[in-house]
Amino acid sequence: MFTRRTTLSKFLIEQLKTSPDGQMLAALLIDVAAAIKAISAVAAKGALEGHTGSLDTINVQGEVQKPLDVMTNEIMLHHCDWGGLVAGMASEEMDAPYDIPTEYTRGRYLLLFDPLDGSANIDFNVAVGTIFSVLAHDKNSAPTEADYMQPGNHQVAAGYALYGPATIMVLTVGQGTHGFTLDREIGNFVLTHPNLHIPEDTDQFSINTSNERFWEPPMQRYVDECKAGKAGPRGRDFNMRWIASMVADVHRILIFGGVFSYPRDNKSSKSGRLRLMYEANPIAFLVEQAGGVASTGRGRMLDEQPQSLHQRIPVVLGSKHEVERIEQYHREFDTGTDKPFISPLFNERSLFRKEARL
Ligand code: F6P
C-alpha cells in the first residue's frame, strides 16, 4: 500500500526536473515542509505545553502575539535559513526582513510567510495554518526591502499548511494546485489531492458579516442578494461559512467551491485586513492555479504592485462566476451605474446601503 504513494519530495523532483534551478526550489520547499511538520507537532500539544493565551508583545500589525506566533516564526526561520537556498525572509511577525546569518551561504530565493494564520483560534482548538510565498532574488547582493516588492505574478511557488484533524499542505509551483496529507507515522507528506479544481459556480460565501455596515456598497449589495436567497434577484439560496482562519476557509473553497472575501471597509485602514505579500498573494496564486479567480474587487490580485512589506489589501477570491460578479458590482458602483438594492422581502432599499463612496 505504501509503495505506490507519491511523496512530496518525489512529486517536486518530478514537477521541477526540467525547470532551471528546479532542484533548488524543490529543496527549499522540502525545508518549508519540514518546518510545517514541526509546527504541526508543536501546535498539537495545545495547552499541554502552555500554547494558549497571549503574550505581552504586539507585532508590527498592532496585534497581540500568541506564544505560538513567536515559536512558529522561529521554526520557519531556522528550518530555512541554513541551506544556501534563501537570500532573506519576511514574516507577519517581524517588522523588517530577516537577513541570513553570515555563517550561512545566501541563496537565490526570498521566502515570505505568515507562520500561524488564524492564531486567534488557537485558544479554542480551531484549525489554523501557515501560508508561504517564494520569490526569486537574482542578485548576488543581500536583498533590501525593495527587492521584496515584487507583484504576486512573480511568485515561483506558494502554498499553505492547514493544521486540522489532519495536517495538509497545499502548494503550487505554477503547474496546478496540489494537496498533500501528512502521514504522521511515517513522517511524509503524501499526494492526496492532485490537481485541485475550484468549480466555477457556487452557492457558498465566506465573509465576516459583522462588518457589513463598514463595507462599500458593492459588497453590501452582493451579500444582501445572497442572503435574500430564492426570493431575491439571485433566485436561489446561499449558504454562509466563516471559520476566521483564512487557510481553513480557502481550503474548503479549493475542495468544494465558494467565494471568500475580506473586503475593503471603513472600519480601520480602509484596505481590509489581509496582508498582500504573505497572505493574499500566495493564496491568489493557488486559487488561480486551481481555476479560480483572485481579485481585490477592482483588479487581479497578482498584478498588484506592493507598496510595503506589510501592506493590507481587499480580498475577493474563489469560484470564477461569483468573483466576476463582485468585480462587476464594484465597476458599476465606481461608474455610478449600479442600481440601489431593493430587498424583495421588504420592497424597500436595503438599510445597509450607503450612498457615500468610501
Ligand atoms: O489575520 C488573518 C485572519 O486571521 C484570517 O486568517 C481570517 O480570515 C481573518 O483574519 C479573521 O478575521 P476576523 O477576526 O475579522 O473574523
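**Close-up 1. Two cysteines, Cys80 and Cys226, are buried in this predicted model**. Cys80 has a relative accessible area of 1%, which places this residue under the 20% limit for a buried position. Cys226 likewise counts as buried, at 1% relative accessibility. A disulfide is a covalent bond between the sulfur atoms of two cysteines. In this model the count of disulfides comes to 0.

**Close-up 2. Phe11 and Phe180 form an edge-to-face aromatic pair**. A pair of aromatic rings is described by the distance of the centres and the angle of the planes. For Phe11 and Phe180 the ring centres lie 5.0 Å apart and the planes stand at 75 degrees, so the pair is classed as edge-to-face. The structure holds 4 aromatic pairs, and the pair shown here links distant parts of the chain, since Phe11 belongs to helix α1 (residues 8–15) and Phe180 to strand β7 (residues 178–183), 169 residues apart. Both partners are buried: Phe11 has a relative accessible area of 9%, and Phe180 has one of 0%.

**Close-up 3. The largest pocket has a volume of about 440 Å³**. Its lining is made up of 26 residues, and those that lie nearest the centre of the pocket are Gly118, Ser119, Ala120, Ala244 and Arg273. Sorted by class, the lining of the largest pocket contains 9 nonpolar, 7 polar and 10 charged residues.

**Close-up 4. Asp21 and Asn125 are loop residues with a positive phi**. Most residues other than glycine have a negative phi, and most peptide bonds are trans. Asp21, although not a glycine, has a positive phi of about 65 degrees; this residue is placed in the loop between α1 and α2 (22–45), where Asp21 is partly exposed, with a relative accessible area of 45%. Asn125, also a residue other than glycine, has a positive phi near 60 degrees. Asn125 is found in the loop between β3 and β4 (128–136) and is exposed, with a relative accessible area of 73%.

**Close-up 5. Helix α6 (residues 276–289) is mostly covered**. Of the 14 residues in this helix, 12 are buried. An α-helix has 3.6 residues a turn, so residues three or four places apart point the same way. The buried residues of α6 include Leu276, Met277, Tyr278, Glu279 and Ala280, and also among them are Asn281, Pro282, Ile283, Ala284, Phe285, Leu286 and Val287. After α6 comes Gly291, whose phi is positive, near 90 degrees.

Terms used. Residues numbered from 1 in each chain as written. Predicted model: local features only at pLDDT ≥ 70, side-chain atom pairs only at ≥ 80, totals over all residues. Heavy atoms only, no water. Phe/Tyr/Trp six-rings, centres within 6.5 Å; stacked < 30°, edge-to-face > 60°. Helix = DSSP H or I, 4+ residues; strand = E, 2+ residues; numbered from the N terminus. Buried < 20%, exposed > 50% of the residue type's maximum accessible area, 1.4 Å probe, protein only. Disulfide = S-S within 2.5 Å. 1 Å grid on protein atoms, 1.4 Å probe; cavity = no way out; pocket = protein on both sides within 12 Å on 5 of 7 lines; lining within 4 Å. Points joined across faces, edges and corners; volume = space filled by probe spheres on them. Nonpolar A, V, L, I, M, F, W, Y, C, P; charged D, E, K, R; others polar.
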